[in-house]
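Visitor: I am new to this structure and would like to learn how to read it. Could you take me through a few features, one at a time?

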Amino acid sequence: MDRQDVVIVGAGHGGAQAAIALRQGGFAGTITLIGDEPELPYDRPPLSKDYLAGDKPFERLLIRPATFWADRDIAFRLGSPVVRIDPAARWVETADGGRLGYGSLIWATGGRPRRLGCAGAEAVHYIRTRADVDRLSAALPGVRRVAVVGGGYIGLEAAAVLAKRGLAVTVIEAQPRLLARVAGAALSDFFAAEHRAHGVELLLGAQLDAVAIAGGRVTGVALADGRHVSADLVIAGIGIEPLVAPLLEAGAAGGNGVRVDEFCRTSLPEVYAIGDAAVHANAFAGGAVIRIESVQNANDMATTAAKAILGQPTPYRAVPWFWSNQYDLKLQTVGLSAGHDAAVTRGDPAARGFSVIYLRDGAVIALDCVNAVKDYVAGRALVAGAVRVDPAMLADPEVPLKTLAA
């Protein structure tokens, strides 16, 4: 059985960054990334935006070209997921029966889309991988009506792309407002108005009951209240489930993700977990134990794990940030707004350039910035320092946020 000094399970953002950070830190040992997809690491956020729209070819999504990895002697085993781990003997086994030993293991598998459990769910499309979007794109010719289940980032980004293509789009959201899990009511109302202005029908507080299929083709969806929504195609974006079963079966602490400490170490010896798969106590969530699903979190945790392996342990304390592109709107979020007790709107939403600033106990904890890059950049310092500012000053667009941060 071949052995590597570091094995990285997951060839996405986090896995790629972990390998890069190890080499940048001077690590001279052997590194292999194991991925369940056949592709080299690629950028996932454009899948529901530029790639679905056909504006960016897949080659432009690659995080690095093949020559980059070869030049740094970083090896890959692609196309087969890890299904078993022996933490005592320190080896992993892939679905095709291959085994690979390790000195240190970094688990960077991310997650898979949460599936609908209703009748007809086998006909539903999801957006997580290149193959998902390729299947979706291949199904679009002849489609006139689309039902999108889920009013979060993925669902709304897909709705925007398809609405711009002239399709009739209906978004079905179980919560009473869009983006309910990640943003305040002011931002939800703004995006609801924007989507309606582009012809998207929004059904809020609506529960899906079944996907209707006739003659082998989707004809619509049935809602729990008896309504029927006509559709030729259904897309679901209702969150992800972390891919951690092999780690938990091997004895790692966790549940909805694998529990890690401030250095991204799991409870198993020389096993680290990062990104969507890792549950950690986050300083910007008031110390709450959470998972963060973002490229930023995956990359920063990857660097933390690499430093620990390099013998330079540095606690993870990165400011969370996220983004979403819908129509001509760029939403940039910094911090975590959950648990806020006050929200200040800065600027005029009608002008389509404004920010919502969230506070808890008088301190700034997060900002949602729509077409407001300066607010986003300056807001990072406000969040990082938990700065206490007079809400009236935050609301005044004539007062630069960078002066308040200083």
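Visitor: Is Ser-267 buried, partly exposed or exposed, and why?

Guide: Buried means under 20% relative accessible area, exposed over 50%, and partly exposed in between (1.4 Å probe, protein chains only). Ser-267 has 47% relative accessibility, so this serine counts as partly exposed. Before we go on, note that this is a predicted model: local features need pLDDT of at least 70, side-chain atom pairs count only at pLDDT 80 or more, and totals for chains, interfaces and linings use all residues. Residues are numbered from 1 along each chain as its sequence is written, and side-chain values use heavy atoms, with hydrogens and water left out.

Visitor: Where is Ser-267 found, and which residues does Ser-267 touch?

Guide: Look in the loop between strand E17 (257–259) and E18; helices (H or I, at least four residues) and strands (E, at least two) are DSSP runs, numbered from the N terminus. Contact means heavy atoms within 4.5 Å. Not counting residues up to four places away in sequence, Ser-267 touches Gly-251, Ala-252, Ala-253 and Arg-259. A polar atom of the Ser-267 side chain also lies 2.9 Å from the backbone nitrogen of Ala-253.

Visitor: What about the nonpolar core: how many residues does the largest one have?

Guide: In soluble globular proteins, nonpolar side chains tend to be buried together. A nonpolar core here is a set of buried Ala, Val, Leu, Ile, Met, Phe, Trp, Tyr and Cys residues joined through side-chain atoms within 4.5 Å. The largest has 49 residues, and Ile-8, Ile-31, Ile-85, Val-92, Ile-106 and Trp-107 have the most contacts inside it. Among the elements giving two or more residues to this core are strand E1 (3–9), helix H1 (13–24) and helix H8 (295–309). A second, separate core of 43 residues includes Leu-61, Phe-191, Leu-202 and Val-370.

Visitor: How do I read a sheet, and in what order do the strands of the open sheet run?

Guide: Two strands pair if DSSP finds at least two bridges between them. The open sheet has four strands in the order E10-E9-E8-E14, with parallel pairing. E10 (201–204) and E14 (233–236) stand at the edges with a single partner strand each, so one side of each is left without a neighbour in the sheet. Further in, E8 (residues 145–149) and E9 (residues 168–173) pair over five bridges, and Val-149 has Ile-172 in E9 as its bridge partner.

Visitor: How many disulfides are there?

Guide: A disulfide is a pair of cysteine sulfur atoms within 2.5 Å, and a search of the whole structure finds zero. Cys-369 is buried, at 0% relative accessibility.

Definitions and conventions:
Polar contact = N/O pair within 3.5 Å; in protein donor to acceptor, adjacent residues only side chain to side chain.
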